[in-house]
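Subject: the model you asked for

Hi,

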Amino acid sequence: MVAEPEAADGPAPGVRGVAILGSTGSIGTTALRVLARQRDRFRVVALTAFANAELLGEQAELHRPGFVGLVDGVPTGRKGWAYGPDCLVEAASRPDADVVLNAVVGAAGLDATLAALGAGKRVALANKETLVMAGELVTRAAARGGGEIVPVDSEHSAILQCLTGRRGTEVRRVILTASGGPFRDWTRERLAAATVSDALQHPTWRMGRKITVDSATLANKALEVIEAHYLFGLPYDRIEVVVHPQSVVHSFVEFVDGSVLAQMGAPSMELPVLYALTHPDRVPDTGVPGFDPVGLSPLTFESVRAEDFPALQLGIEAGRAGGAAPAVFNAANEQAVALFLDGLVRFADIPRAIASALDALGSRAGGSRDALLAADAEARRHVELLFAC
Ligand code: NAD
Ligand code: MG
């Protein structure tokens, strides 16, 4: 559907302003599709991207935000555009943004999340890496500034939907579902020879390259366990993972009386993006196909092959260790995935790099933004050096 451009004058009363950080990515473009259907409720007030000026320009033309920011680009005379890394915080701090959808990939999204929460905004958080690397800092920024984090990740959206209206004391445990990625049934020998193009063939989701590789190593599920710990205040022994190849059950919550609630639907990020904007309300939308239990059958569940996908356990242990360990886990993973995508290391080197960085740096203290950024930088350097010879 091609939407009409928005009028450039002010928003109608009751319409909430949304700033989208990372608007040219998989989540960012999904969000713009959702918002094009929800113009009675939301208006795009800011867009940012890393380097794709062309797509950003098309999006700006269509949605007419008051702010457009390009992180990695040179000014080309486009009126009203801002340039450089500071444009993320600028977009996240705008008074006309009620909700900041952080759909940036990786640690680069941290300061924007902190700024938005500090300014009392809702952060619709896709950028899980920043909650993982700085969970306590982010939680504190929300408490101090009056902001709130609402997850976009489908599993956490599912849990939030099951928990809404319930008391935390009623929860026994949560079970995150994992598709298992493209290598779910590969033997260990075959895994050792997995290529970049193998790793990018995700069976159920179309996503950016970094999260697609994270789904293949199961590092993504480790990030999600840590994310759940901070979002829902649950200890690690009450967060479990089960493999569910069809990605129809987005997660489970088990309550103290033994009842289990799940949130389901055909795999689509449109619903979790919309719900992050409207929570606790639901609004009519057409982003997910009608539920067809027979068509979606069978729904199956398996244990995780933890020994063949060691990134999961490494991440959970980093989460339990606390301090700077989750930041080290995240940064080592980001660096190793970048090297893998560039064809410079093998698939099995990703968990090896994470383990090595955690051995060397995992007992660092966290505490402050500067300490976490230093640990992040050291972990990246550690991984670079590991493969330099
Ligand atoms: P993507 O690579 O498709 O898009 C990333 C976006 O961030 C792009 O707009 C890019 O321009 C921008 N960006 C990249 N590096 C940047 C930097 N250094 N500074 C500023 N902007 C930068 O990624 P994606 O798949 O949309 O994922 C985005 C985030 O959402 C990730 O944290 C991912 O884990 C999370 N997420 C994605 C999905 C999904 O279905 N794609 C699902 C759940 C969670
Ligand atoms: Mg997820």
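This is a predicted model: local features need pLDDT of at least 70, side-chain atom pairs count only at pLDDT 80 or more; totals for chains, interfaces and linings use all residues.

Ala325 is buried, with a relative accessible area of 1%. Ala325 belongs to helix α14, which covers residues 325-341.

Gly367 sits in the loop between α15 (349-361) and α16 (369-386). With a relative accessible area of 48%, Gly367 is partly exposed, because the buried class stops under 20% and the exposed class begins over 50%.

What surrounds ligand 1? The shell has 23 residues, and the closest are Thr24, Ser26, Phe50, Glu129 and Gly208. By type, the shell splits into 13 nonpolar, 7 polar and 3 charged residues.

- Glu129 uses an N or O atom of its side chain, at 2.7 Å.
- Gly208 uses a backbone N or O atom, at 2.8 Å.
- Gly25 also uses a backbone N or O atom, at 3.1 Å.

On its own, ligand 1 has 820 Å² of accessible area, and the protein covers 86% of that. Two elements give two or more residues to the shell around ligand 1, namely α1 (26-37) and α5 (128-133).

Next, the metal. Which residues coordinate the magnesium ion (ligand 2)? Asp153 (OD), Glu155 (OE) and Glu224 (OE) do, at 2.1 to 2.3 Å. The spacing of these donor residues in the sequence is D-x1-E-x68-E. Water is not among the atoms, so the site may look incomplete. Asp153 has 8% relative accessibility and therefore counts as buried, the cut-off being under 20%. Glu155 is buried as well, with a relative accessible area of 8%.

If you are setting up bonds, the structure holds 0 disulfides. As for individual cysteines, Cys87 is buried at a relative accessible area of 1%, and Cys162 is buried at 8%.

Then there is helix α12 (residues 270-278). Is this helix enclosed or open to the outside? Of its 9 residues, 8 are buried, so the helix is largely enclosed by the rest of the structure. The buried ones are Glu270, Pro272, Val273, Leu274, Tyr275, Ala276, Leu277 and Thr278.

Some backbone geometry is worth checking before you run anything. Most residues other than glycine have a negative phi, and most peptide bonds are trans. With that in mind, these are the places to look at.

Cis peptide bonds:

- His279 to Pro280 is cis, with omega near 5°. Pro280 is in the loop between α12 and α13 (311-321).
- Ser297 and Pro298 are joined by a cis bond too, with omega about -5°. Pro298 also lies in the loop between α12 and α13.

Positive phi in residues other than glycine:

- Arg64 has a phi of about 50°. Its place is the loop between α2 (53-63) and β3 (67-70), and Arg64 is partly exposed, with a relative accessible area of 34%.
- Ser247 has a phi near 50°. Ser247 is found in the loop between β9 (239-243) and β10 (249-255), and at 6% relative accessibility it counts as buried.

That is what I have for now.

Cheers

Note on methods:
Residues are numbered from 1 along each chain as its sequence is written. Chains are lettered from A and ligands numbered from 1 in the order in which they are written. Side-chain values use heavy atoms; hydrogens and water are left out. A residue is near a molecule or strand if one of its heavy atoms lies within 4 Å of it. A polar contact is a pair of N or O atoms within 3.5 Å; within protein, one must be able to donate a hydrogen and the other to accept it, and residues adjacent in sequence count only if both atoms are side-chain atoms. Accessible areas come from the Shrake-Rupley method with a 1.4 Å probe; for residues, only the protein chains shown count as cover. Helices (H or I, at least four residues) and strands (E, at least two) are DSSP runs, numbered from the N terminus. Ala, Val, Leu, Ile, Met, Phe, Trp, Tyr, Cys and Pro count as nonpolar, Asp, Glu, Lys and Arg as charged, and the others, Gly among them, as polar. Donors are N, O and S atoms within 2.8 Å of the metal (3.2 Å for Na, K and Ca); water is not among the atoms, so sites may look incomplete. Buried means under 20% relative accessible area, exposed over 50%, partly exposed in between (1.4 Å probe, protein chains only). A disulfide is a pair of cysteine sulfur atoms within 2.5 Å.
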